[in-house]
Amino acid sequence: MKVDLHCHSNVSDGVLAPAAVAAYARKSGVDVWALTDHDEVGGLKAARAAAGELGMRFVAGVEISVTWAGETVHIVGLQVDEDHPTLVQGLAATRHGRDSRAREIADQLAKAGIPGAYEGALNYVANPDLMSRTHFARYLCEIGVCGSTTEVFRRYLTEGKPGYVPHRWATLEQAVGWIRSAGGIPVIAHPGRYKFSDTAQGALFDEFRQLGGTAIEVVTGSHTPDQYATYAELARRYGFLASRGTDFHAPGEARVEFAELPPLPAGLTPVWHDWF
């Protein structure tokens, strides 16, 4: 059974509509699929309907942006009730302020010699409430400033670079609380992507567990093969369930496509172990 529990549609910063992501996943052999758009559940009903028509088991999900120790961390919620008022209201609060941040990013890029970035990025946005750095990255690729979105982030959109603008997201306690209130399972997304020391990462895992977090992503398109083993061992050490997902945004844009993502390492308890 091929399970993918981390994907994005154009309701957040993906390229394809929810139904098209479902079709792409199914064509690649996915059997169990979650849509986990950033801070938004508006695509879940369409995704659920498409998955059902395609014969895939569907998992309602979301990915919540969190500020922890001055860094942005992402917490995925799986098996959530997308209509639960606590979750809906929390996500709305988190989305607030994205537009002003986007305009500030554009101003910074203009000062770096790249005018018109706000309007250019807006052409890639299906949901105006969720304009993100990824939309700017796609526009900078379009105009030839960089050859890939990865290069854009490295040169312009990460801390210390000319287009980086920090944003104060939800707290870890809030995000875990919203997910649990909605009946969901909190998962730390792609933990190997954060630039924490071992001590800080341990503190994150401890706090997450104390708040009721139960899983981490082990196999993800954001991890290298070496990191699969690293986070498998950490999942065992902390008693976390293990999750798996491509972090899909667009065909050809991810490090690993649906069909290429390996299974979880042996000896782990999958987050989906008691779902079916």
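**View 1. Glutamine 79 is partly exposed, with a relative accessible area of 30%.** Partly exposed denotes the range between buried (under 20% relative accessible area) and exposed (over 50%), computed with a 1.4 Å probe on protein chains only. Glutamine 79 belongs to the loop between strand 4 (71-78) and helix 3 (85-95); helices (H or I, at least four residues) and strands (E, at least two) are DSSP runs numbered from the N terminus. Although not a glycine, glutamine 79 has a positive phi of about 60 degrees. The model is predicted: local features need pLDDT of at least 70 and side-chain atom pairs count only at pLDDT 80 or more, whereas totals for chains, interfaces and linings use all residues. Residues are numbered from 1 along each chain as its sequence is written, and side-chain values use heavy atoms, with hydrogens and water left out.

**View 2. Aspartate 39 is buried, with a relative accessible area of 0%.** This residue is placed in the loop between strand 2 (32-35) and helix 2 (44-54). The phi of aspartate 39 is near 55 degrees, a positive value in a residue other than glycine.

View 3. Strand 5 (residues 185-188) pairs with strand 6 in the parallel sense over two bridges. Isoleucine 188 has isoleucine 216 of strand 6 as its bridge partner.

**View 4. Helix 10 spans residues 225-238.** With 14 residues, helix 10 reaches 21 Å from its first C-alpha to its last, close to the 20 Å expected at 1.5 Å a residue; the expected span is 1.5 Å times one less than the number of residues. Just after helix 10, glycine 239 adopts a positive phi of about 75 degrees.

**View 5. Helix 10 has a buried side and a face turned away from it.** Gln227, Tyr228, Tyr231, Ala232, Leu234, Ala235 and Tyr238 are buried in helix 10. They lie on the same side of helix 10 because they cover an arc of only 170 degrees around the axis, the arc being that of the directions from the helix axis to the C-beta atoms. An α-helix has 3.6 residues a turn, so residues three or four places apart point the same way. The buried residues of helix 10 pack against helix 9 (198-211) and strand 6 (215-220), where contact means heavy atoms within 4.5 Å. The face turned away from the buried side carries the exposed residues Pro225, Asp226, Ala229 and Arg237.

Methods
Pairing = 2+ DSSP bridges.
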